[in-house]
Amino acid sequence: MSTLHPPRLAPIFAVTPSAPGTPVHSIQTMRRKAAGHSGPLTKILVANRGEIAIRVFRTAHELAMHTVAIYSYEDRMSAHRQKADEAYRVGTGLTPVGAYLAQDDIIRIALEHGVDMIHPGYGFLSENAEFARKVEQAGIAFVGPTPEVIDGLGDKTKARTLGDNATKVGVPIVPGTPGPVSSWKDADAFIKEYGFPVIVKAAMGGGGRGMRVVREQSDFKNAFERAVSEAKSAFGDGTVFIERFLERPRHIEVQLLADAQGNTVHLFERDCSVQRRHQKVVEVAPAMHLPEEVRQAILADAIKLAKSVKYRNAGTAEFLVDQMGRHYFIEINPRIQVEHTITEAITGLDIVAAQIQIAAGATLPQLGLTQEAITKRGFAIQCRVTTEDASQNFQPDTGKIEVYRSAGGNGVRLDASSGFAGAQITPHYDSLLVKVTVTGTTYEVARRKMLRALVEFRIRGVKTNIPFLFRLLTHDVFISGKTWTTFIDDTPELFKLVQSQNRAQKLLAYLGDIAVNGSSIKGQTGEPGLKQDIVIPPLQNRESPDGQPLDTSLPCEVGWRNIIVEKGPEAFAKAVREYPGTLIMDTTWRDAHQSLLATRLRTIDMVNIAKETSWALSGAYSLECWGGATFDVAMRFLYEDPWERLRALRRLVPNIPLQALVRGANGVGYTSYPDNAIYDFSKKAVENGLDIFRVFDSLNYIENMKLGIDAAKKAGGVVEAVVCYSGDVASSKETKYTLQYYLDFVEQLVKEGIHVLGIKDMAGLLKPHAAKLLVGSIREKYPDLPIHVHSHDTAGISAASMIAAAAAGADVVDVAIDSMSGLTSQPPMGRRLHGSGADGPWHGHSCFEANVRASDSSVFAHEMPGGQYTNLMFQASQLGLGTQWTEIKKKYIEANDLCGNIIKVTPSSKVVGDFAQWMTQNSLSKEDVIARADQLDFPSSVVEFFQGYLGQPVGGFPEPLRTNIIRNKPRIDGRPGTSLEPIDFKKTKAELRSKFGKHITDADVTSYVMYPKVFEEYQSFLEKYGDLSVIPTRYFLGRPDIGEEMHISIEQGKTLIVRLMAVGPVVEGRAQRDVWFEVNGEVRAVSVEDKNSAVETVSREKATSDPGSVGAPMSGVVVEVRVKEGQEIKKGDPLCVLSAMKMESAVTAPVSGRIKRVVVQEGDSINSGDLTVEIVH
């Protein structure tokens, strides 16, 4: 049934026709022509804003009317202003809300612009009798009840009079005060008669504002005063009244329509029970599980009440239904309701059209709106999508909507205002963004349709309550349709929210930052060398007579790992020993790129050739792909999850054992941990796909080794225990790391029940003759023990050494793919894999290559590990010491001597490296250090080494240097982990989830235990940019070109096609640029800080020669300040902590005294010698 003006109403809308022959060009004349009528009431002003203003405009346009909007200054960019034919600013000089309450100004605008009718919408002046009266006195039709009816109903205290008289028409009411209550003390009599709980209600209120439920006398005064204050702020009137509060009732309301002749009909009922703080959240029509006799009684009572007050226009009679099925009248709202859309959905009627036509003088029979003609069909549900964060107690969110994609389809209706990308959500008004109304043949069909609609929404830039609505709609109580008014407050599990991932917008934020500022990945020099897709050539099938390539669409299933899976570690070790040839381990995915590319190889590049690798190296002993520096670098510099790397490679390479380098009692960290942390790490490693633990200790300290071996064994892994090689066993001058030393150490390892023995030559010191002597001697003593030899090619001799080791009885030697071999990496495995595709992806990482162009025989003097060589070179460059590399190598020798000529492999090599750089930076000789050890501020790693946190070095610590360095700090003379408190993993997980969210897994907890600060920074990065591991490396590291199309697969079957469109100019005064992208054909923009524009040159004060003027011992970033001005300190107390790359150094007080000035703060970048603290002494 159409609710446009029927022909019999034409006189109401008659106007003078256009002159004969006048062409019809205006939208207004086209509207009237399409509507089939014309008349004098042609222009309507909506005294409101937002979605309800747009809702009225739409119906008015269908009725061939001209529309006028009003807007406050703060709303000058709002959508409702643009939807009207005319728009005028209202309330100049008033507050954002006050502008829409400026009655006289609204009427002025209406009169000046020929307005015939004013529709008040809901809220603001919709229940203000004074406004309605002024409108009518101005000769303008008011779309609503008469001023007298509003006066009696809009004020809830006067509506109580209607309730008191309700018994005359047989309508029950909730007990309440007969009139307004001016003071909390005046409520005593009512409370004594009816008791608690009670509800304090704003007389002029609506939308839950100015309402408070009070259950205890002690809370009453505060609740009353807050209700009054809130009512006054929201409605300009602080009058309140009090009612008895019903426990867990349903809120049922009836939509009414009445004309000026007393004809009254209902449009059935709505269930508005799902509320929060008396603000409706979800509404349903018709009400579920309402006994028919109760339904009919409520509908009949609503009609009685409306007739008794001579109601006109649209209104809503509201009732509460208690748990016994008894209903109580509470109020009539003399206006259109937010939730009117669901009534329109089940009846097919346009309530706003009926409002306008009734205000124009039409009767219900003229509109065809008789009770018999009004029917209902199916069910409808409305959800109010708001810009509120349910996880933060529904705190309203503000800001710019960056992305807005709405729902649609069969049975979905949207009523919105600011629902568009670029809309600015301000704090001035209601947080409603869009009303979603769905219809279905049954309640369940409608509920499922609503879920589908909400899933389709993509709103970015501001928080919304959509995650909460998901939880609500899927809760068993809501599914059953048996909700009550305090259901949300009574159901805390509704707030266990699942947040949207917001992946696309976060990725754009990163790509935008790259486009503006370039890569921020530490260690990168220039753009990546490869900027096109990697073409992986086919693998030759050696068994095919016609040379057909291998089908590598699926991973190979044949390999050494099958023995581990089917028979266990012992059988695997036995099979390796019985193998007649020499096996290889490929280090490309771990040590090779650690040695050549600063450990910057990304998971996606390994994954892209993983299936091919499973075929090409199916006969390999193992692939080293995890542990060592890769674990922390993955989080620290590449912003990806090391556990996901392990899982991904396991899925794609099911046949080759995966191996990790594990630092004994240090796990994959740089310090000691409680024993249960190492057992936990090892267990999780196996669960996530690891097969072989290459367990070593950076000092060859057997007690640390025992822990790592036992943890790996109990986890079910293959235990490859390592003896770290240093010195030269073939030299008669070697007195510390002799052949007998190694044989004795191997004997200790064998006693622990290891499966394989590893010989780890970290620096490439193992010469061919020494390899033959060492391996041959071990083979002779242990004929059944598999031996695995690892070296580096720093001096260019490792290939010869590996051949010698194999000839002497080694079962496995380490090699790398040709393009990742040589120099500080491992020797090449040979060109037999040429064309396999395994070489391809690494060329994109050339921007991380160190300036190492040839072999370096000086390694036999400084003994620097291959994995450290290029990393230390990079660190030196970052610290401003790049030109002093030769000096650093000399200081490395001296630092090693100061430490006692120790085994050097991470983390002990880091100690020596930090020591060497610190000595270089501060121009200190070995003799200087010895002489001034009790006064100098050493790097933290050096202090902790001498304390004993890494364990006990071969031959012990040099004294008195140790005592002078650690001074009054704790001294550990055994295995460090024995004195550490066990980790409470359950508690730690709860704390991390509380801080970062429910996505934290058990593996994440282990990452945090190993690297607390790195993990927290990684999680913060994820929160800002999302999972970047899916971005192809050339876009992760390099600026995209304008117009370049990027294909980014965010999950199986979901690919983002991203095109960089433009980079805007710097926004004046903000150092920001807007970067424009096209994502799957949709234009999006992100705002990015231009770090070059934001750079501010800071000139820092230098320390003087005064002992109280404390300078920075090295360049770095201040990560912690431990003192404040006026504080008394003693000599040796820590003042602040500096960090440069992975090296931290505490700055301590050289003298006792009082802090006069602290001139640094956390986050400051300072240079060596810059003043940090000034001490009065």
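Trp1076 is found in strand β33, which covers residues 1072-1079. The model described here is predicted. With a relative accessible area of 38%, Trp1076 is partly exposed. Together with Met1061 and Val1083, Trp1076 forms a nonpolar patch on the surface, and the accessible area of these residues comes to about 250 Å².

Ser1139 sits in strand β38 (residues 1134-1140). Its relative accessibility is 14%, so Ser1139 counts as buried under the 20% limit. Beyond its neighbours within four places in sequence, Ser1139 is in contact with Met1114, Gly1116, Val1117, Val1119 and Glu1144.

## Annotated binding site

An unreviewed UniProt entry carries the annotation "binding site" for Arg663 and Thr906. The two positions are spread over 244 residues of sequence but cluster in space, with a largest C-alpha distance of 7.9 Å.

Arg663 is placed in the loop between β25 (658-662) and α25 (675-687), and is buried at 2% relative accessibility. Leaving aside neighbours within four places in sequence, its contacts include Gly628, Ala629, Tyr670, Phe696, Thr906 and Tyr1011. Thr906 lies in the loop between α32 (885-899) and α33 (908-921) and is buried, with a relative accessible area of 18%. With the same exclusion of sequence neighbours, Thr906 is in contact with Arg663, Tyr670, Phe696 and Ser698.

## Salt bridges

The count of salt bridges comes to 72. One of them joins Asp811 and Arg577, with the closest N and O atoms 2.9 Å apart. Asp811 is in the loop between α29 (798-808) and β30 (812-815), while Arg577 belongs to helix α19 (residues 569-578), so this pair ties together parts that are 234 residues apart in sequence. Asp811 is buried at 3% relative accessibility, whereas Arg577 is partly exposed, at 25%.

Asp814 forms a salt bridge with Arg694, and their closest N and O atoms are 2.9 Å apart. Because Asp814 lies in strand β30 and Arg694 in strand β26 (residues 692-695), the pair ties together parts that are 120 residues apart in sequence. Asp814 is buried at 0% relative accessibility, and Arg694 is buried at 1%. Glu640 pairs with Arg645 in a salt bridge whose closest N and O atoms are 2.7 Å apart. Glu640 counts as buried at 1% relative accessibility, and Arg645 is buried with a relative accessible area of 2%.

## A salt-bridge network

Salt bridges also link Glu253, Arg270, Lys280, Glu283, Glu318, Glu339 and Arg384 in a network.

Methods. Residues are numbered from 1 along each chain as its sequence is written. This is a predicted model: local features need pLDDT of at least 70, side-chain atom pairs count only at pLDDT 80 or more; totals for chains, interfaces and linings use all residues. Side-chain values use heavy atoms; hydrogens and water are left out. Helices (H or I, at least four residues) and strands (E, at least two) are DSSP runs, numbered from the N terminus. Buried means under 20% relative accessible area, exposed over 50%, partly exposed in between (1.4 Å probe, protein chains only). Contact means heavy atoms within 4.5 Å. Patches are made of residues with over 30% relative accessible area and no salt bridge: like charges are joined within 9 Å, nonpolar side chains (Val, Leu, Ile, Met, Phe, Trp, Tyr) within 5 Å. Accessible areas come from the Shrake-Rupley method with a 1.4 Å probe; for residues, only the protein chains shown count as cover. A salt bridge is a side-chain nitrogen of Lys or Arg within 4 Å of a carboxyl oxygen of Asp or Glu. UniProt positions are given in the numbering used here, feature names are shortened, and annotations may be inferred rather than shown by experiment.
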